[in-house]
Amino acid sequence: MEMITQARLDLRRVDDSERFDLPILVVCDASLPASNAILADDTARQFRARIGSRLIFEARDKSMQATVSAIRKLSPEERVWSSVKLDCSSLDRRILFHQAVVRIAPGRIAAVRRAVAAEYPTFAVLTPDDVSSTVKAVGQDAMALARLVAWFAIGAGLALLVAIVAASRTARLREIGILAAIGARRSTLLKLYTIEFAAIGAVSAAIASVLTCGLTSVALSLILHRVDFAIDWKPIGCAAVFFVTLAIAAGWLPTLRLLSLKPMDILRGE
């Protein structure tokens, strides 16, 4: 069994920076010298702290100062509790809270949970499965929000694409008149413009896929604290087919009727 002691403090200042209010959960490490602190490397970059930096905390209207004695990469097990380790000897013991980390055989977890609940009804017992399910639920909510924002952006871009393609009717009319006048057949015009509309849709699908995967990967990397790429080829393929089909339909909807006009009527109108 291992006892983890933590405290929730308000970080007010780092060195001579502007004053700010950042609630932070720290792990109390009795092995540290008085008024010393250890920071995770990414946390130090976030605070622009270095070895020797002064951290000013507040707890229950009482200020305390700690000096950064070390900056290192914390293990995943250490990061579960906090990215800041601190000497808490000067803190009021009433603001400290303690957690017991116990290794239990998987088959005995339910029995231990019942025994603890019977002896200490107010104690919370969390298993690795409970933590994993909570993290998974939070991660899924964050990913769902990221995907929703990305699809809204893609939808707005798609609507703009359809509007631009549909609004190009005047330019298409002149092109069709010139091509028909120099001998282009109807089938040739159909193939030419279908390929053009399909290319526009494919480029739009590629841009949308890159934006969606990029935004999802950034959100996932922030949650997991490591670089992670979220690429799912099935949605990308479906998006490509959908965008190409929609671009062809949006392009031909105002253009198809122009193919039935005579070249001289088109050019005379121009």
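**Links across the chain**

Arginine 19 is exposed, with a relative accessible area of 52%, and in this predicted model its side chain forms a salt bridge with glutamate 58, the closest N and O atoms being 3.1 Å apart. Because arginine 19 lies in the loop between strand 1 and strand 2 while glutamate 58 lies in strand 4, the pair ties together parts that are 39 residues apart in sequence. Glutamate 58, for its part, is buried, at a relative accessible area of 18%, and both residues belong to a network of salt bridges that also takes in Asp10 and Arg12.

The loop between strand 1 and strand 2 also holds aspartate 16, which pairs with arginine 54 of strand 4, so that parts 38 residues apart in sequence are tied together; here the closest N and O atoms of the salt bridge are 3.1 Å apart. Aspartate 16 is exposed, with a relative accessible area of 69%, whereas arginine 54 is partly exposed, at 29%. A further salt bridge (3.7 Å, N to O) joins aspartate 15 and arginine 50, and the latter sits in the loop between helix 1 (41-47) and strand 4 (54-59), 35 residues from its partner. The whole structure contains 6 salt bridges.

A covalent link is found as well: cysteine 28 and cysteine 88 form a disulfide, with sulfur atoms 2.1 Å apart. Cysteine 28 belongs to strand 2 and cysteine 88 to the loop between strand 6 and strand 7, so this pair ties together parts that are 60 residues apart in sequence. Both cysteines are buried, and their link is left-handed, with -85 degrees about the S-S bond.

How values were computed
Residues are numbered from 1 along each chain as its sequence is written. This is a predicted model: local features need pLDDT of at least 70, side-chain atom pairs count only at pLDDT 80 or more; totals for chains, interfaces and linings use all residues. Side-chain values use heavy atoms; hydrogens and water are left out. A disulfide is a pair of cysteine sulfur atoms within 2.5 Å. Helices (H or I, at least four residues) and strands (E, at least two) are DSSP runs, numbered from the N terminus. Buried means under 20% relative accessible area, exposed over 50%, partly exposed in between (1.4 Å probe, protein chains only). A salt bridge is a side-chain nitrogen of Lys or Arg within 4 Å of a carboxyl oxygen of Asp or Glu.
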